[in-house]
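Subject: Structure handover

Hello,

I am passing a structure on to you, together with some notes on what was found in it. Please open it first and keep it beside you while you read.

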Amino acid sequence: MTPRLKGNLEMFASKVFSGLNENALKYLLPTWMGAISGVMMRLTFGTAFFWIWGFFTRNKFPKPSARDMLSLFFIGVVFVFGYMWTLLEGLSYTTPISSSIFISLQPVWVYIICLCLRTEQLSWGKVLGILIGFGGALLCVLTQHSSDIASDPFKGNMFCLASSVLFAGYLVIEKRYLPRLGSAVVSKWTFLGGAVATAVLVCFTGWDAPVLHQNFFSTPMLVLLFVLIFPSSVSYLLQDFALTKLPATVVALYGDLILIVAAIASYILGQDRFSWWQIGAILLMLVSVYLVEVAERKSQSSPGASKAPASK
């Protein structure tokens, strides 16, 4: 199995978990837990998971410097906490499908960030894909209205938009640390930073998690355990593995799989209602990602393209 194929399989599994995460969080929010309390549980569990994982991988990479640890900690404070909080806050007001549409904009933000950092070259194919992606997101914003399944879709969609930007920034920054420090070190320090930031916020907002008072085998508790184990921990680990084999732009493209999985699950579970406008937005996002992917492959196959993973 080639490293590229392995990386793609890791991203496929990671984003299937992430897609189901949208539906699981929608079920839990806000009845069984508040957004901040949900972030606190996810980041606390994830921090413990990666610190334990780091114990088994500590000899594979050099020990991080104090500067590395501090930098990763503050990356977690800003990006990991910010991404998770805005995602859960957004899902409190909108639907999993709408949330996933905005998550699908991640490759757009990654490409724009890489352009600003001059690690990507301007490509008209990618620009066209970006414009179509924005069109899909705009269609979602303009056609979705408040209902019993989405109390304030505009507010929720704006939170989800912010979430996609923050996660794209995290992907680009994380990519620079992974080859040198490894997944365990990067994730345990960024998750710790996010957990500390959330703990401070909980002191002001209060704790809201009725799910913890439920029977261990009750539906709310089992859904929470799925969220903590797979999307909050295993999914990030698989993504970190994939980032060492694939460019950040390609990894971000897998956000589209979240959209597909969340859409299918939402219709089955009754968490969203069928809408031709919504289907149109989804199709635009898929076309957007296809165009960006084609342009990415062309740029990698061109004679002057850099083959260094860190340059993407």
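Helices and strands are here DSSP runs, with at least four residues needed for a helix and at least two for a strand, and they are numbered from the N terminus. On that basis the protein, which you have as a predicted model, comes to 12 helices and 0 strands. Buried residues make up 55% of its 312 residues, and among contacts between residues at least 6 apart in sequence, 87% join residues at least 24 apart.

The loop between α1 (3-28) and α2 (35-57) holds Pro-30, and the peptide bond that joins Leu-29 to Pro-30 is cis, with an omega of about -15°. For context, most peptide bonds are trans.

Helix α1 also packs against helix α4 (residues 96-103), at an angle of about 135° and with the two axes 9 Å apart.

Why is the pair of Phe-191 and Tyr-236 edge-to-face? The planes of these two rings stand at 85°, and the class takes in angles over 60, so the pair belongs there, with ring centres 5.1 Å apart. Because Phe-191 lies in helix α8 (residues 183-205) and Tyr-236 in helix α9 (residues 219-243), the pair ties together parts that are 45 residues apart in sequence.

Are Phe-191 and Tyr-236 buried or exposed? Buried means under 20% relative accessible area, and Phe-191 is buried with a value of 0%, while Tyr-236 is buried with a value of 7%. Phe-191 and Tyr-236 also form one aromatic cluster together with Phe-49 and Phe-50.

Finally, please look at Trp-51, where Lys-188 lies over the face of the ring, at 4.3 Å from the ring centre.

Best wishes

Notes
Residues are numbered from 1 along each chain as its sequence is written. This is a predicted model: local features need pLDDT of at least 70, side-chain atom pairs count only at pLDDT 80 or more; totals for chains, interfaces and linings use all residues. Side-chain values use heavy atoms; hydrogens and water are left out. Rings of Phe, Tyr and Trp (its six-membered ring) pair if their centres lie within 6.5 Å; planes under 30 degrees apart count as stacked, over 60 as edge-to-face and the rest as tilted. Buried means under 20% relative accessible area, exposed over 50%, partly exposed in between (1.4 Å probe, protein chains only). A charge sits over a ring if NZ of Lys or CZ of Arg is within 6 Å of the ring centre and within 35 degrees of the ring normal. Axes are lines fitted to C-alpha atoms, for helices over the stretch in contact, and angles run from 0 to 180 degrees between N-to-C directions. Contact means heavy atoms within 4.5 Å.
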